[in-house]
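Take a first look at this protein chain. Keep the sequence beside you as you read.

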Amino acid sequence: MNKPLRHIALFCGVLTLALLLRATWIQFAESDKLSTHEKNRRVQIEAFSHPRGDIIVGGKPITGSKEVSGTDFKYQRVFKEGPMYAPITGYFSQAQGSTFLEGVHNGVLSGDDDRLFIRRTLDMLTGEKRRGGDVITTIDPKAQRAAYQGLVDLDARGAVVALDPRTGKVLAMASTPSYDPSSFAGISAKEGKEFTRLSKNKDKPLSNRALREIYPPGSTFKVLTAAAALEHGVVDDIDKPTGAKAPYKLPLSSTTIGNDVPGAPCDKASLKVGMQWSCNNVFLDTALKVGDDDMRETAEKFGFNEQQFIPVRSSASSYPEDLDKPQTALTGMGQGSLTSTPLQMAMVAAGLANDGKLMKPYMVEELRGPDLSAIEKGKPEELSQAVSADTAQKVQVMMEHTVDEGTANKAQIDGVTVGGKTGTAQHGSNVNDERPYAWFISYAKLDDGSSPVAVAVFVDPKDMDIPRSEIAGGRLGGPIAKSVMEAVLDD
């Protein structure tokens, strides 16, 4: 054999060896990864080859599986009252993947979770068809309907979150405009066009406003400002005049800020009167006296600057660092660079209603196997003692006075003690060039003083047929909060 042929033979041998090594590596080292890869067609076929477990609300499934033909995928997901529950379930689509509870607990619902290994093995031995487990939620169906219907009746973009302050259970979570996850659960061209239409819609129906969108919280944040002032000793008597002049001149600035309620006794008002009439001057001055470090510390104890996992991820609300004096003052009334999710403001209301103890919010009561055995159970978990019980109770007095005799009177419930706070948040590149957001937070108490429900309502009235002068948290959000609290109390 001449020299060129020997070189060619050697080169072919090296290529053959490399091919054998690569095949061996793929077959043994990467087999598990490739066999479960989401782009593996066999994996996708397997995922839709059997009925899926269900998401349960109030003891009844709000999801299901139906058999379809004309495709490799045998079963397709269906959703009952899809738009109302979409912020909870998310979607499970043959073409678009999965989100929210459908995604977070996909392993249980599909039957692939490692904790179901024994069940899967037994099914293989007995010839039983593979089955998925169920996700039992903490959602109260009456509260959820009240939250969703309240937003729909307004024809508004918005969100509602209701929590049980004693445990952290999520009782309701609504977001509008919404969508029906069943409308694109399959793989047809029609369903693909529907998903594209929803994705490009300027109103962002696929977005969960309760968890994933952040907004300036406006005057609802004044309850946290009050808590920070009491906790850090800046204010020791909620009935004592503060000395804050109205209108209020921001420090290091020529800007003056007035108040929204005509004729309200805001000049040098006490913290209690300031809460009652939502006096900006009182809370601007109070935040400035507390200082940005102590304001941020209190905000963080209520959950700001951290993502929440309920188990669906929530965006982090923000109380920024290194604020100057004007910026610090503005946070006192929920403006400036401060941002919050509706979940976060529900947590603030819940923590105050629970005497300062903030419970970690959670939405799953139990993960259940196909044989109805419990795989995992949710349980109350304390997130922090955000403020002392004494501080929280003083803020409760102010919030309850605000409902009884102030701007939050739309939340009054006969025979029930209710605390609340309105909010109107300015926004836009020039602060006031957009229609303001409307907010409302509240809680209701039982006879023993404990609170079974705290609510946050957010409304974006941008396209609503309503004069700017009528955009107010009490007018738009108060009735929704009241109906949600009544639904929980009725149960």
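Predicted model: local features only at pLDDT ≥ 70, side-chain atom pairs only at ≥ 80, totals over all residues.

Residues are numbered from 1 along each chain as its sequence is written, and side-chain values use heavy atoms, with hydrogens and water left out.

Start with the sheet. Five strands form an open sheet, in the order E9-E8-E20-E19-E18, with antiparallel pairing. Strands are DSSP runs of E, at least two residues, and helices are runs of H or I, at least four, numbered from the N terminus. Two strands pair if DSSP finds at least two bridges between them. Strands E9 (170–176) and E18 (417–425) stand at the edges with a single partner strand each, so one side of each has no neighbour in the sheet. Seven bridges join E8 (residues 157–163) to E20 (residues 453–460). Gly158 stands opposite Val459 in E20.

Now the disulfide (a pair of cysteine sulfur atoms within 2.5 Å). Cys266 and Cys279 form one, with sulfur atoms 2.1 Å apart. Cys266 lies in the loop between strand E11 (256–257) and helix H11 (271–276), and Cys279 in the loop between H11 and helix H12 (280–290), so the pair ties together parts 13 residues apart in sequence. Both Cys266 and Cys279 are buried. Buried means under 20% relative accessible area, exposed over 50%, and partly exposed in between (1.4 Å probe, protein chains only).

Glu102 counts as buried because its relative accessibility is 0%.
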